[in-house]
Structure formats: C-alpha cells, structure tokens
Amino acid sequence: MAVVQRHHDILIQRLSRHSANYRDPLEEIPWDELDPDRPWLPESLISLYGTAEYAALSAEEKIRLSQVEFVSFCELGLWLEALFIQRLGSHSLAHLYGDTASYHYQLHELREEVGHSLMFLELQQRAQLPFLTPPKLRPRLATWFARIAPEGSAAFWATILIGENVPDQMNRFILRDKTLPAAVLGITQLHSREEARHMAFARVTVQRRSRRLSLVQRRLLSPLMREVMRQFLYTTFFPVPAVYAAAGLDAPQRLARLARQNPHRIRLMNECAEPSREFLRSQGFTV
C-alpha cells in the first residue's frame, strides 16, 4: 500500500508540472485548415466501413459521412466532459484540505476538460451541425453512476478511465493518418496529449482505491462495471440514425442497424476496449 501511495504522490507532482504550461485549444487549433472537401476520419473508422452499403456510396458521400461521424465522436467527448466537470466542480473544501496535491492536479484537469469542451463546440459550429445524440439516448446507467458514485471510490475512477481510454484508442488510429486535415489532427493530438495525463491519474487512483476493496466487494461491483462498459461502447461505436441523416444518406434507421451488425465495427470496438478491460482485470474486476 505504501508503494502505491508513493507512486501516487510522485505522479501527481509530475502531472501538475506538465499541466502548468496550459495552451488554449481555441488558439492552438488551425481552424482554417478544417478542409470541407476531405475526409475527417480514416476510412476504417467509419461505422459502415466493410459493408456493401458503404462500398456503394459515392466518394462525396463517404467524405461527408466521415465528417459527420468525426463531429459525432467529438460530441461524445462533450457529454463525457460535462459529466466529469460536474463532479469535479462539486468537490468540497474537505477534499481540498484532505488531499491538497490531488485537488491541485484536478483543478488543472478541470481547466483542460473545459478547454476540450470549447474545442468540440467550436468544431461543431464550424461544421454547421446540430447536436446529433440527445442526452436521453446516452447510456442511462453510465450517466447515473458517474453522477452518484462516491467520488473517491475505485468504481467511480474506473468509470472515468473507461470513458477516457476507449476514445483514446480511437484517437491513436486517427493520428496515424497524416493525410487528414491539420485541424482534425490538431484536435485529436491536443485531446490525446492531455487525456494521457488524465488517464494516468485515473489509473493510479483506481490502483490506490481498489486496495481497500475486499474480494467480495470486487465481485459485487464487477457486473455493474461490465454493464457500464457495455453501454459506453454502444454509444461510442454505433451512431444514432441522426448521424446518417445529417450526412444526407437515405434510410438512416436501417444504416444504424447495419452498423450495429457490422463485423468490422464490432472488431474495432473490442480492440479499443481491450486495454481498459485488461487494466480492470489486473485490479481484480471481472469485466
């Protein structure tokens, strides 16, 4: 336990130092290079990729779908950031005096999450797209649990880690494609760089908090964690019909069903989920 605590304290100090040189995303991103005539996602990350219906789309339709799906992916980030900002903003002064170093870093994290939200909203406005997935279609259990789970608990930070790590795996795929517009790569790079710090904090917090859980408690929490992950993966990888409609495609309901059955998409989902699953298993959760 003492070793975990020492690692936690050293990590918090390092994360705070790296976060001190904050850069405003609205000033950092080359927005003028958000090219409307080029794809905004690698083709393999588009939800319909690998289906006959996708192959039948025109080049222009594929480009537009990639753009709408990238905005939808960033809208997912807005939902997640809002939940996290809400919880961080509700910290009591007791937490400040109880663990000043962690509180200090979490204020850095709060500033970065607000910056991400402003960045995602700027993207949405420049893309001239409305909100595509209303809150009522987001995972109810994941939303509820993120709002009511004890902030200092292993389960709460495990939920946060899932919400950060799974999209980060997608970001890694995006960053490999250097043919994408500079604004898309800039958004993804900035988000990925700062989320790396957030995930490091979440991991060490889960490690520290899970040491306090008995084997029985971990077993009782595991079904809840599995369902939270299942719901989160669903909202991350399977766009709602409004996404296909915004891309100008016919039969959006049918296309949404097709994406949910797409073997390529399901493989991508499981690949992106595996790092989170592996870490949580290492902490004694069955996910």
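Buried means under 20% relative accessible area, exposed over 50%, and partly exposed in between, with a 1.4 Å probe and protein chains only. I start with Glu-53, which is partly exposed because its relative accessible area is 30%.

**Ground rules**

I am working on a predicted model, where local features need pLDDT of at least 70, side-chain atom pairs count only at pLDDT 80 or more, and totals for chains, interfaces and linings use all residues. Residues are numbered from 1 along each chain as its sequence is written, and side-chain values use heavy atoms, with hydrogens and water left out.

**Entry: Glu-53**

I looked up where Glu-53 sits and found it in helix α3, residues 52-55. For element names I use DSSP runs numbered from the N terminus: helices are H or I with at least four residues, strands are E with at least two. Leaving aside residues up to four places away in sequence, Glu-53 touches Arg-254 and Leu-258; contact here means heavy atoms within 4.5 Å. I also checked Arg-208, which is 155 residues from Glu-53 along the chain, and the two C-alpha atoms are separated by 48 Å.

**Entry: salt bridges**

My cut-off for a salt bridge is a side-chain nitrogen of Lys or Arg within 4 Å of a carboxyl oxygen of Asp or Glu. The search of the whole structure gave 9 of them.

I noted the pair of Arg-254 and Glu-53, at 3.5 Å from N to O. It links distant parts of the chain, with Arg-254 in helix α12 and Glu-53 in helix α3, 201 residues apart. Arg-254 has a relative accessible area of 39%, so I put it down as partly exposed.

Next came Arg-23 with Glu-28, whose closest N and O atoms are 3.3 Å apart. Arg-23 is partly exposed at 37%, and Glu-28 is partly exposed at 34%.

I then took Arg-281 and Glu-274, which meet at 3.0 Å, N to O. Arg-281 counts as partly exposed at 40% relative accessibility, and Glu-274 is partly exposed at 32%.

**Entry: Arg-277**

Arg-277 is in helix α13, residues 263-282. I listed its contacts, not counting residues up to four places away in sequence: Met-229, Leu-233, Asn-270 and Val-287.

**Entry: cavities and the pocket**

I used a 1 Å grid over the protein atoms alone: a cavity is a set of points where a 1.4 Å probe fits but cannot get out, a pocket is an open set with protein on both sides within 12 Å along at least five of seven lines, and lining residues have an atom within 4 Å of a point. Grid points are joined across faces, edges and corners, and a volume is the space filled by probe spheres set on the points.

How many cavities of 30 Å³ or more are there? I get 2. The largest cavity has a volume of about 340 Å³. It is lined by 28 residues, with Leu-80, Glu-81, Gly-163, Glu-164 and Phe-232 closest to its centre. α4 gives the most to this lining, 10 residues. I sorted the lining of the largest cavity into 18 nonpolar, 6 polar and 4 charged residues. For that sorting, Ala, Val, Leu, Ile, Met, Phe, Trp, Tyr, Cys and Pro are nonpolar, Asp, Glu, Lys and Arg charged, and the others, Gly among them, polar.

The largest pocket holds about 380 Å³ of space. Of its 21 lining residues, Tyr-234, Thr-235, Phe-238, Pro-239 and Val-240 lie nearest the centre. α4 (59-89) and α10 (215-237) each supply at least two lining residues, and α10 has the largest share with 5. That pocket lining splits into 11 nonpolar, 5 polar and 5 charged.

**Entry: positive phi**

Most residues other than glycine have a negative phi. I wrote down Gln-128, with a positive phi near 55°, in the loop between α6 and α7. Gln-128 counts as exposed, at 71% relative accessibility. Ala-251 also went in, with a positive phi near 50°; it is in the loop between α11 (241-246) and α12 (252-260). Ala-251 counts as partly exposed at 38%.
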